[in-house]
Every structure is written in C-alpha cells, then in structure tokens.
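Let's take a walk through this fold, strand by strand and then helix by helix. Keep the viewer open as you read.

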Amino acid sequence: MKKCIVTLLILTLFLSGCWDRRELNELGIAMALGIDKIENEYVVSAQVVVPSEVSMRASTGRSAVTLFHATGDTVYEAFRKMTKVSPRKIYPGHLQILVISEELAKEGIADSLELLSRDWELRSDFYVVVAKDLTASEVLNVTTTIESIPANKMFNALKVSEKNWAGTEGVILDELVTNLISDGNEAVLTGIQVFGDKETGSSKQNTDSITPTTRIQYDNLAVFKADQLVGWLTEEESRGYADITGKVKKTVTSIPCPKEGNITIEVLKYHSKIKGSINQGDPEIDLIIEAEGNIGEVLCSIDIMKQETIDELEKNYEAEVKEIIHQTIESVQKQYQSDIFGFGEAIHRSNPKEWNKMKEHWDERFSDLTVNVHIDMNIRRIGTVNNSFLEKIKD
C-alpha cells in the first residue's frame with residue numbers, strides 16, 4: 001500500500017496542469033491584423049475587441065473595436081511591441097482576416113507570413129486579402145454597419161461573395177502557403193478597397209446614416225508570381241479564373257438572346273477538370289467544364305417553352321463562358337507569365353518525367369501553352385412563370 005502511495009506522489013511531479021492558462025480579462029482579442037511596410041520597418045495593426053461594447057448589458061454605443069499599431073524590424077517584433085500601447089497582451093487566436101498592403105505585396109509577402117504560419121496561438125482558417133491602393137491600416141480603421149466588428153464584416157462578406165458571385169476568392173493561410181511553395185501553381189488573393197472619406201470612415205458618424213459615407217468593398221483578384229504581387233485581374237478575368245479553376249459555387253451569368261436583349265442564367269452546379277498532356281513534345285491542357293443552371297431573368301422576346309430555344313441558350317452560355325476563359329488565359333499568359341490556374345500541376349500529374357524537364361522554365365512554356373476548352377451547360381428550370389410578362393407589356 002505504501003509503495004502505491006509513493007508511486008502516486010512521484011507521478012504527480014510530472015503533471016504540468018494548465019501551464020499556458022490565461023484569464024480572458026488579461027487578453028486583447030484581435031479579430032483582424034494588418035501588415036504594412038514603411039521603408040525598412042514593418043507596421044502591424046491589430047483590430048481588437050472592446051469587451052464592454054460587445055456586451056449587451058454594459059454597451060455605451062461606442063465603437064466595438066479599437067486599433068493598435070506598432071513598428072519593428074520584423075512582424076513578430078512589431079506585434080510584441082503593441083504591449084507598449086495596449087493594456088492587454090494581444091491574442092490572435094480568434095483572427096478572422098489578415099490584410100496585407102499592396103506595396104508590401106509587391107515587395108514580397110513570404111517574410112510577413114513566416115510568424116503567422118509558425119505561431120501556435122494562431123488557427124490557420126483566417127482569410128488573407130490585399131489592400132488595393134491604400135494601406136492595411138486604413139482598411140482596418142473603417143467602421144461598418146450590420147456587423148459592429150469590422151473584421152466580422154470583412155470575413156462574412158468575402159465568404160458570401162465567394163459562394164454567390166465567384167469573382168472573389170476566399171484564401172486561408174494554409175492554402176496561400178501551399179500555393180507559394182508549389183511547382184506549377186501560383187497564388188491569387190482577393191483585393192479589398194475603401195471607398196469614400198477615410199477620415200469619416202473611422203468615426204461613429206459613418207454608421208449613423210442609412211448610406212455610410214465610407215465603405216469597405218472587395219475588388220478583383222491579385223496575381224502573384226512566387227511571393228510577389230505582379231498585377232490585378234479585371235472583374236471579368238476574375239470570373240474567368242473561377243470558371244477555369246472550378247471555384248464557382250453559385251453565380252449568375254448574362255448571355256445574349258438569339259436576336260436581341262439578354263437572359264440571365266443562375267448557375268447552381270459547376271465542375272471543371274484540368275487535364276494535362278504532352279503533344280509532340282509540347283505541353284497541352286484540356287479544360288472540361290460541366291454546368292447546370294436555371295433561367296433567372298428574361299429581358300427579350302423569346303419562347304422559353306420550346307426545347308430548341310433552351311438548346312440555343314445553352315450554346316450561347318457555352319460560347320460566352322468560353323470567350324471569357326480564353327481572354328483570361330491569354331491576358332495572364334501575356335501580361336504576367338504566372339500560372340495561377342495550376343496548369344503546371346496538371347502536366348506534372350499526367351507526365352512527371354516530362355514535367356521535370358520543363359519545370360525550371362515553366363514561365364516561358366506557360367506563356368505559349370495551348371488550352372482546349374470544352375463546356376457543357378444544362379438548363380434545368382425556367383422559374384415560376386413561363387414566358388416573360390414583359391413581352392405582353394411591349395406588345
């Protein structure tokens with residue numbers, strides 16, 4: 001019996017307990033981080049929740065967040081130096097979004113991401129975006145409606161836009177790092193902009209009116225080569241990127257009617273497959289797309305009750321999307337020589353031996369790559385009415 005007691009006492013010496021436990025009232029919960037670079041120093045901004053203002057009982061109607069800044073030779077140093085201005089240690093475990101300035105992105109983002117990929121306190125499921133034409137700090141300094149915490153607004157808006165529009169891309173940290181280090185697939189990030197008066201945007205006045213004078217809005221996709229931003233896609237090209245890579249979940253596409261006017265197709269199912277091959281020594285890609293959708297809007301005189309009309313609309317959709325895809329590929333090939341579509345990975349999968357011969361010069365091979373596009377659209381439903389009532393009004 002004594003031996004058992006002694007053994008238990010010895011074992012308790014090795015029990016560490018909650019060695020890293022910290023009280024909630026000792027932490028400043030950061031929901032968003034911004035990284036800028038001025039000359040040779042990093043400027044890190046943290047959007048931190050004000051506990052009293054997110055409490056229903058204690059709220060006074062002031063801002064639900066506050067913004068802390070610090071500078072340093074490294075991101076980690078700047079982040080830790082925030083303790084000089086914050087009464088609490090900044091805790092990034094609930095981070096929703098990371099904003100990187102356009103200037104820093106042009107210089108290279110790898111160094112900025114090193115800490116974030118290493119820090120054990122951080123989950124990797126936060127979005128990374130690029131501040132277009134302004135600093136990351138300016139983005140985080142704008143108050144928002146509906147969501148009192150701007151970081152939540154930015155996170156949810158990107159999530160909703162990616163799911164229903166397909167012109168934006170919600171990229172989390174793990175995905176970004178994977179694309180930065182992979183052969184044959186470069187990275188893209190969604191751009192974020194601020195429209196309106198930046199000074200008013202930081203005040204409560206911005207959220208007191210029905211139409212805010214300053215608002216945050218997602219823009220188009222930023223194209224990277226290695227870890228450097230090399231340019232921006234247009235809105236149409238951003239949609240084309242989603243079409244090529246199969247990132248479309250739901251979206252709408254306007255196509256021309258057989259004679260005049262337009263019809264809008266709501267795309268509900270979308271699948272693309274990228275197949276690589278070697279044709280007479282040259283790499284080649286076959287892009288195979290299958291889509292299903294409904295007729296969402298009819299702005300022309302057309303009899304959608306006829307099967308031949310549906311067949312023609314399906315062909316019009318296929319031609320419209322095919323043109324957008326070809327324009328997007330050509331633009332990226334000629335302007336940026338950056339394989340953001342993952343065509344190199346497809347060649348690698350199909351023929352590893354040939355890929356090893358060309359991967360060192362893939363940028364040049366990508367610029368002249370032949371891409372064959374095959375699209376099959378099926379329109380399943382026409383909505384709750386048959387032909388549009390607009391036809392009767394115009395008659």
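Start at a pair of residues facing each other across two strands: Pro 256 stands opposite Asn 262 in S11. Keep in mind that what you're looking at is a predicted model.

Pro 256 belongs to strand S10, residues 251–256. S10 and S11 run antiparallel and are held together by 6 bridges. The hairpin between them has 5 residues separating the strands, and Gly 261 there has a positive phi near 90°.

Now follow S11 onward. S11 covers residues 262–279 and pairs with S12, residues 282–299, through 17 bridges, again antiparallel. The turn here leaves 2 residues between the strands, and Gln 280 takes a positive phi near 55°.

S12 also pairs with strand S13, residues 370–381, but here the sense is parallel, over 11 bridges. A handy landmark is Ile 288, which has His 374 as its bridge partner in S13.

Next comes a curious glutamate. Glu 318 lies in helix H11, which spans residues 307–335. The Glu 318 side chain does reach the backbone nitrogen of Met 377, at 3.0 Å. Leaving out residues up to four places away in sequence, Glu 318 touches Ile 375, Asp 376 and Met 377.

Which of its residues are buried? They are Ser 112, Leu 113, Leu 115 and Leu 116. Look down the axis of H4 and these buried residues fall within an arc of 150°, so they line one face of the helix. On the face turned away from that buried side you'll find the exposed residues Asp 111 and Arg 118.

What does the buried side of H4 pack against? Its partners include strands S1 (27–38), S2 (41–49) and S5 (97–101). Helices H2 (75–80), H3 (102–107) and H7 (173–181) also pack against the buried residues of H4.

How values were computed: Residues numbered from 1 in each chain as written. Predicted model: local features only at pLDDT ≥ 70, side-chain atom pairs only at ≥ 80, totals over all residues. Heavy atoms only, no water. Buried < 20%, exposed > 50% of the residue type's maximum accessible area, 1.4 Å probe, protein only. Helix = DSSP H or I, 4+ residues; strand = E, 2+ residues; numbered from the N terminus. Arc of directions from axis to C-beta. Contact = heavy atoms within 4.5 Å. Pairing = 2+ DSSP bridges. Polar contact = N/O pair within 3.5 Å; in protein donor to acceptor, adjacent residues only side chain to side chain.
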